[in-house]
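Hi,

Here is the structure I promised to pass on. Have a look at it first, and then read my notes below.

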Protein chains: 4
Amino acid sequence: MKMTRLIVTAADRQWCEAAAAAMVGFGTSVIACGVEIAVERELAPQETPDGRPGVAILAFAVSGKELEEQIPRRAGQCILTCPTTALYAGLIGGPSVYPKRVPLGKTLRYFGDGNQISKQIWSTGLGEGEPTETEATRYWRVPVMDGEFVCEHDCGRTEAIGGGNFILLGRSIETVVTACRAAVAAIAPLSGVITPFPGGATRSGSKVGSKYASLFASTNEGFCPSLRELTKTELPSGTKAVLEIVLDGASFDAIAEAIAAGVVAACEAVGGDGLTGITAGNYGGKLGRHHFHLHDLMTGREA
Amino acid sequence: MKMTRLIVTAADRQWCEAAAAAMVGFGTSVIACGVEIAVERELAPQETPDGRPGVAILAFAVSGKELEEQIPRRAGQCILTCPTTALYAGLIGGPSVYPKRVPLGKTLRYFGDGNQISKQIWSTGLGEGEPTETEATRYWRVPVMDGEFVCEHDCGRTEAIGGGNFILLGRSIETVVTACRAAVAAIAPLSGVITPFPGGATRSGSKVGSKYASLFASTNEGFCPSLRELTKTELPSGTKAVLEIVLDGASFDAIAEAIAAGVVAACEAVGGDGLTGITAGNYGGKLGRHHFHLHDLMTGREA
Amino acid sequence: MKMTRLIVTAADRQWCEAAAAAMVGFGTSVIACGVEIAVERELAPQETPDGRPGVAILAFAVSGKELEEQIPRRAGQCILTCPTTALYAGLIGGPSVYPKRVPLGKTLRYFGDGNQISKQIWSTGLGEGEPTETEATRYWRVPVMDGEFVCEHDCGRTEAIGGGNFILLGRSIETVVTACRAAVAAIAPLSGVITPFPGGATRSGSKVGSKYASLFASTNEGFCPSLRELTKTELPSGTKAVLEIVLDGASFDAIAEAIAAGVVAACEAVGGDGLTGITAGNYGGKLGRHHFHLHDLMTGREA
Amino acid sequence: MKMTRLIVTAADRQWCEAAAAAMVGFGTSVIACGVEIAVERELAPQETPDGRPGVAILAFAVSGKELEEQIPRRAGQCILTCPTTALYAGLIGGPSVYPKRVPLGKTLRYFGDGNQISKQIWSTGLGEGEPTETEATRYWRVPVMDGEFVCEHDCGRTEAIGGGNFILLGRSIETVVTACRAAVAAIAPLSGVITPFPGGATRSGSKVGSKYASLFASTNEGFCPSLRELTKTELPSGTKAVLEIVLDGASFDAIAEAIAAGVVAACEAVGGDGLTGITAGNYGGKLGRHHFHLHDLMTGREA
């Protein structure tokens with residue numbers, strides 16, 4: 001997986017959230033949506049390049065080319081359009097640090113129809129990293145009806161990891177929902193990781209393949225409580241509902257830390273009375289290169 | 001424009017909002033996003049087919065074919081995946097009322113990999129209309145990890161109108177934002193109309209065409225305060241910022257009513273001190289068949 | 001019980017909600033808080049006296065005197081202080097309609113230190129009722145740092161009913177929470193009724209009296225799952241958790257309609273698998289004059 | 001001023017916010033409300049004593065006695081009542097660290113009517129401080145309808161500082177609102193400080209005393225734009241609106257840091273075009289012992 005990180009700021013928190021919600025919507029699956037994209041976390045004014053309220057967004061795709069197409073298209077519809085917003089690179093570093101680049105203002109500037117202006121700033125010193133050598137950062141100022149849309153020229157992209165997951169099994173859907181929301185709340189403040197499904201979780205656990213030739217994936221019968229009698233179930237006795245939390249992260253460690261925090265919070269929220277088990281999907285071993293072993297993650301945490 | 005209306009329900013308001021936010025995200029433009037799609041309004045449990053908290057969504061596209069592709073794809077990623085949700089037609093009536101249909105469960109059922117079940121109900125009596133003759137409504141029950149995803153077979157689609165708009169011109173961006181938010185708040189409870197841009201408004205007013213051959217649209221210099229000295233401006237003296245509210249609606253009347261409500265609320269919010277004018281974009285007369293004449297709308301309202 | 005209804009407006013929805021949250025906070029019990037007070041519902045700009053976004057608030061107290069003390073004190077701390085807000089009577093009608101009055105601007109105007117200005121308007125024609133005869137409505141304009149605080153002189157008060165309730169019993173706390181939230185969502189859009197506890201529900205069901213002489217009320221052992229073995233329980237077998245929804249309303253009918261809507265929504269949300277029963281607290285017959293018979297309410301609904 | 005810090009947790013974020021909103025409502029002024037109380041910040045599950053989603057609350061009063069009365073009364077109405085919540089001390093340390101104590105479970109346990117159970121835990125190791133010596137922490141488990149209400153026995157209280165403030169002066173109310181919200185957003189993530197007014201700001205700047213003998217405070221004419229011609233104004237030319245941000249903090253440094261962050265964010269949000277000045281209220285020198293000199297705060301920041 002390839003990943004980039006964007007920072008959106010606005011004059012107030014309300015525009016910032018509206019822009020971010022549009023930007024990350026319909027972004028749950030690299031296959032059907034092009035990108036998996038979600039808010040990483042809110043940024044206070046003192047954490048953003050322009051001192052205004054902001055939000056950090058992480059986006060993942062299966063190829064750099066896909067990121068390079070999807071990000072400017074989404075930004076053009078959801079950030080350029082949204083009153084008072086600005087758009088910055090969230091991975092700090094020029095081509096010497098991140099040679100592969102995702103275009104931002106590089107593409108969006110043309111909306112200015114020749115009236116756009118470029119500005120170069122040589123010292124960045126912003127954000128949570130530093131370029132290894134001093135490179136100019138280029139910003140575009142595109143005339144729009146509320147003044148100017150300020151947009152950084154481009155943003156680095158980097159290798160990352162998709163599809164980390166853990167699965168909560170419980171005695172009722174209500175119990176699993178409570179556990180699931182506690183897990184998502186524990187993951188929310190962590191850096192370098194997102195849970196791209198609606199509300200952070202999904203119920204449509206899938207297996208690779210289907211009896212219908214054209215379908216890439218279909219329901220994973222072994223995890224469907226309503227099919228317990230009809231299939232070879234993988235559900236412990238008493239399991240009435242199952243939810244899966246899927247994570248994309250900047251690194252193996254970021255995902256591992258998030259899974260550990262989520263599992264602990266899920267258990268604290270409903271206790272042994274509510275959950276019948278926690279597991280992880282490995283999709284029959286057919287997908288993915290990385291494996292997160294829940295037992296190791298949790299015992300590692302206690303060591 | 002072609003339009004359909006969907007109802008999403010969930011076990012609680014929080015899942016309902018998460019599903020809806022994903023479903024309508026990245027849905028600001030029929031050209032770049034395929035659909036213009038937004039929440040029409042919240043539905044109380046007593047207003048939904050299954051008595052649970054819900055939300056109504058309107059989606060618009062330039063062709064029926066586009067709706068028929070976009071809606072099942074978005075629903076498959078954003079509703080099927082989201083815990084506890086169900087999906088229903090929001091236009092009440094079978095093929096005898098709406099002969100053109102958008103597939104919902106008709107497509108999504110295959111995720112069940114043969115385990116899906118169909119159910120027909122002959123009397124509907126739900127929602128805000130009635131079929132002219134009794135037709136069976138077909139629902140699909142697709143096994144998923146939290147139980148079953150209930151999804152109506154399909155939904156009618158109908159002719160509708162896109163691109164209604166009005167433009168607020170003011171003495172500062174802060175003033176125009178306040179007026180704009182009051183207008184959006186006035187439009188929010190109305191039926192049959194959406195404002196698909198982030199937060200309901202846009203600053204990237206555009207003209208058709210560009211000096212760059214590949215661009216369909218570019219910034220409308222006449223409405224850009226920063227280009228006042230460089231172009232033939234259309235801005236009254238003292239205008240520092242401009243925002244546009246774009247509306248899609250089920251009918252001319254729905255849009256006209258929304259514009260009238262929005263204009264009144266904008267004026268009440270900031271008064272003559274804040275706004276320097278209100279106008280409407282006609283894109284050089286190059287786009288659209290319908291014209292909303294603000295003066296007629298407002299005087300009609302007082303008559 | 002005595003009741004009044006207030007309308008708070010502001011330049012935007014965000015200030016409106018901030019003012020309302022402060023105004024209704026710490027307002028769950030007439031005994032410990034002086035008033036039971038909560039948001040009745042949001043008002044669109046076209047529903048408010050000044051055409052701005054608004055909110056309607058209902059407040060209940062055991063005596064008119066208590067209302068007359070509490071409301072201006074709370075309004076002075078929570079509305080007068082809050083940027084851009086205005087405060088209006090929510091019961092339409094002067095002394096000829098509502099002879100008993102709760103002071104608003106009548107008290108708050110003195111903050112102006114002599115600089116306040118009074119304004120009389122003879123025709124109201126606003127809101128959802130009409131005075132039986134034309135009476136002047138008096139408004140105060142109090143100079144503050146953001147301009148002027150506009151505040152109606154006073155507001156009528158009327159007889160009302162407190163302490164309507166229904167109690168949800170279920171197989172797990174998570175199940176009862178889901179049912180409870182669906183009930184609260186069904187009650188939210190209804191006029192003339194509020195659920196004043198946090199989130200609309202309470203778990204601290206009480207009986208009148210206590211073994212500690214100074215306590216007016218204490219936990220109702222018969223409804224505590226953890227005391228099942230130690231007391232004469234009133235819990236059906238399998239009940240692990242119980243929540244109560246308490247309602248105050250403008251009339252018996254308003255409360256009855258809300259209970260019926262809430263009970264239906266609770267049942268739809270979790271079904272017979274989740275709830276073990278629904279009942280109502282009558283506090284040993286020691287409190288209250290009105291009785292809502294759930295069975296009658298529900299069968300009446302189906303008739 | 002005396003201060004305490006509380007931690008409220010719940011099974012999910014929604015109950016947590018409902019309980020906190022009730023607990024801190026009507027809490028803007030030590031004089032009229034007894035306490036100034038507000039949410040300090042959200043706590044992720046991994047930051048709370050019981051691993052569930054939480055919130056930290058700061059409360060200030062003019063005397064320890066007032067805190068000791070107000071906190072258990074508010075907690076009894078707003079936390080004890082709210083489904084799934086628990087209540088913990090937010091200042092870590094027993095009587096050897098904080099000899100003065102605010103009762104929590106010590107008072108609330110009696111609701112259990114003799115069925116409450118006490119539990120002592122000797123090692124805490126939670127939160128952001130450590131007791132200087134090991135002392136047992138006592139918790140109460142009070143039977144309620146959703147299971148048990150867990151409540152720490154008491155919480156320390158400490159000396160603190162109230163009434164820090166800064167005042168934003170601007171060219172329109174909309175401009176000042178935008179600046180003000182950016183300031184509040186910058187202060188929100190900081191520890192040890194709250195902005196207790198609705199939305200974090202107030203427009204009802206006051207002077208000590210009034211021409212009406214019974215009033216302790218009244219409008220500060222010098223800061224009212226509408227009285228510019230009638231009084232000795234303190235407003236720079238072009239000032240149309242003013243808002244004040246009032247802060248209570250655990251220490252002089254906490255408030256100073258918050259003011260600096262807020263002032264910077266306000267300036268970044270609207271720039272010199274929007275604000276005509278920033279100042280601080282010293283209430284004619286009649287109130288308070290601490291003085292925050294804005295110029296020192298800001299230059300200190302740059303040093």
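Let's start with one residue: Leu275(B) sits in strand β16 (residues 275–279) of chain B. Helices (H or I, at least four residues) and strands (E, at least two) are DSSP runs here, numbered from the N terminus. A quick note on the source: this is a predicted model, where local features need pLDDT of at least 70 and side-chain atom pairs count only at pLDDT 80 or more, while totals for chains, interfaces and linings use all residues. Residues are numbered from 1 along each chain as its sequence is written, and chains are lettered from A and ligands numbered from 1 in the order in which they are written.

Is Leu275(B) buried or exposed? Leu275(B) counts as buried because 22 other C-beta atoms lie within 10 Å. The cut-offs are 20 or more other C-beta atoms within 10 Å of a residue's own for buried, 12 or fewer for exposed, and partly exposed in between, with C-beta atoms placed from the backbone. Leaving out residues up to four places away in sequence, Leu275(B) touches several others, including Leu168(B), Ala179(B) and Val270(B). (Two residues are in contact if their C-beta atoms, placed from the backbone, lie within 7 Å.) Gly93(B), on the other hand, is 182 residues from Leu275(B) in sequence and 44 Å from it in space, C-alpha to C-alpha.

In chain B there is also helix α4 (residues 173–187), with 15 residues. From first C-alpha to last it reaches 21 Å, close to the 21 Å expected at 1.5 Å a residue; the expected span is 1.5 Å times one less than the number of residues. α4(B) is mostly covered, with 15 of its 15 residues buried.

On to chain A, which has seven helices and 16 strands. Of its 303 residues, 61% are buried. Where they meet, domain 1 of chain A gives 12 residues and domain 2 of chain A gives 11. On the domain 1 side, β2(A) supplies the largest share, five residues.

Finally, chains C and D: 62 residues of chain D are in contact with 62 residues of chain C. Which element gives the largest share of chain D's side? That is α1(D), with seven residues. By class, that side has 32 nonpolar, 21 polar and nine charged residues. Nonpolar means Ala, Val, Leu, Ile, Met, Phe, Trp, Tyr, Cys and Pro, charged means Asp, Glu, Lys and Arg, and the others, Gly among them, are polar.

Cheers
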